[in-house]
Amino acid sequence: MGSGSEAEEAAAALRDVHERQRSVMDAALVPGWYWWLLAAFVVLLGVVADSASGVLVAVIAIVGGLTVAALSAWIIAGRGRARLREDLLGDTAALAIVAFVFALVGLSLAVAFTLRSAGVSHSALAGCAVCGLGLVAGGPTLNSYLRRRVSSRLAGTA
């Protein structure tokens, strides 16, 4: 008689643990709006680079870069909430993040410089638009990968 109730209580407790783990991952991983905000900044930088003076480009790049850096630090620090243990992501996850950044930067620069050498106007905007699309499409994909990685490591520690 008691075993059915104990099993239900254990299942409920396990669901609660999984829900709390999911909540910590949601707090620790990059929020979806971040990718859109970063993409908008990158595209703005492309517009400015194609149409403004070097001084304005430098000002926008510095102010925007510092803003993105501060926002990124706030997100990485856990936004005042729980943080993931470092061992839950591991070296492979760090390499995935670095590869994502290098791939976007490399592709964007390749597009921009190729178009510029072909004499296409607004080549900086085109390169930045490619980066923005990559951020909006690839950022959530990277988050999904990181979430699966953390989940599998949590399951391995249970």
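## Ser108 and its partners

Set aside neighbours within four places in sequence, and Ser108 is in contact with Gly127, Val130 and Cys131. Ser108 is found in helix H4, residues 86–117. Its relative accessible area is 10%. Buried means under 20%, so Ser108 is buried.

The backbone oxygen of Gly127 lies 3.3 Å from a polar atom of the Ser108 side chain. This model is predicted, and the distances here are computed from it.

## The chain as a whole

From the N terminus on, the elements run α-α-α-α-α.

The chain has 158 residues, and buried ones make up 27% of them. Now take the contacts between residues at least 6 apart in sequence. Of these, 79% join residues at least 24 apart.

## Helices H2 and H3

Two packed helices are described by the angle between their axes and the distance between the axes. Helix H2 covers residues 32–51, and helix H3 covers residues 54–76. Their axes come within 10 Å and cross at roughly 170°. That angle makes H2 roughly antiparallel to H3, because angles over 145 degrees count that way.

Which residues of H2 meet H3? They are Trp33, Tyr34, Leu37, Leu38, Phe41, Leu45, Val48 and Ala49. On the H3 side, the residues include Leu56, Val57, Ile60, Ala61, Gly64 and Gly65. Val68, Leu71, Ser72, Trp74 and Ile75 of H3 also take part. The residues of this contact divide into 16 nonpolar, three polar and no charged.

## Length and burial

H2 has 20 residues, which should span 28 Å at 1.5 Å a residue. Its end C-alpha atoms are 30 Å apart, which agrees. H3 has 23 residues and reaches 32 Å from its first C-alpha to its last. That is close to the 33 Å expected at 1.5 Å a residue.

Both helices have buried residues. In H2 these are Tyr34, Trp35, Leu38, Ala39, Phe41, Val42, Gly46 and Val48. In H3 they are Gly64, Leu71, Ser72 and Ile75.

## A closer look at Leu38

Leu38 is found in helix H2. Is Leu38 buried or exposed? Its relative accessibility is 15%, so Leu38 counts as buried.

Leaving aside neighbours within four places in sequence, Leu38 is in contact with Val68 and Leu135. Leu38 and Ser72 are 34 residues apart in sequence. Their C-alpha atoms are 10.0 Å apart in space.

## Gly106 and Cys131

Gly106 lies in helix H4. At 36% relative accessibility, Gly106 counts as partly exposed. Along the chain, Gly106 and Cys131 are 25 residues apart. Their C-alpha atoms are separated by 9.3 Å.

## His122 in the loop

Where is His122 placed? His122 sits in the loop between H4 and helix H5, which covers 123–157. Its relative accessible area is 48%, so His122 is partly exposed.

Most residues other than glycine have a negative phi. His122 has a positive phi of about 60°, although it is not a glycine.

Conventions:
Residues numbered from 1 in each chain as written. Predicted model: local features only at pLDDT ≥ 70, side-chain atom pairs only at ≥ 80, totals over all residues. Heavy atoms only, no water. Axes fitted to C-alpha atoms, helices over the stretch in contact; angles between N-to-C directions. Helix = DSSP H or I, 4+ residues; strand = E, 2+ residues; numbered from the N terminus. Parallel < 35°, antiparallel > 145°, perpendicular 65-115°, else oblique. Contact = heavy atoms within 4.5 Å. Nonpolar A, V, L, I, M, F, W, Y, C, P; charged D, E, K, R; others polar. Buried < 20%, exposed > 50% of the residue type's maximum accessible area, 1.4 Å probe, protein only. Polar contact = N/O pair within 3.5 Å; in protein donor to acceptor, adjacent residues only side chain to side chain. Expected span 1.5 Å × (residues − 1).
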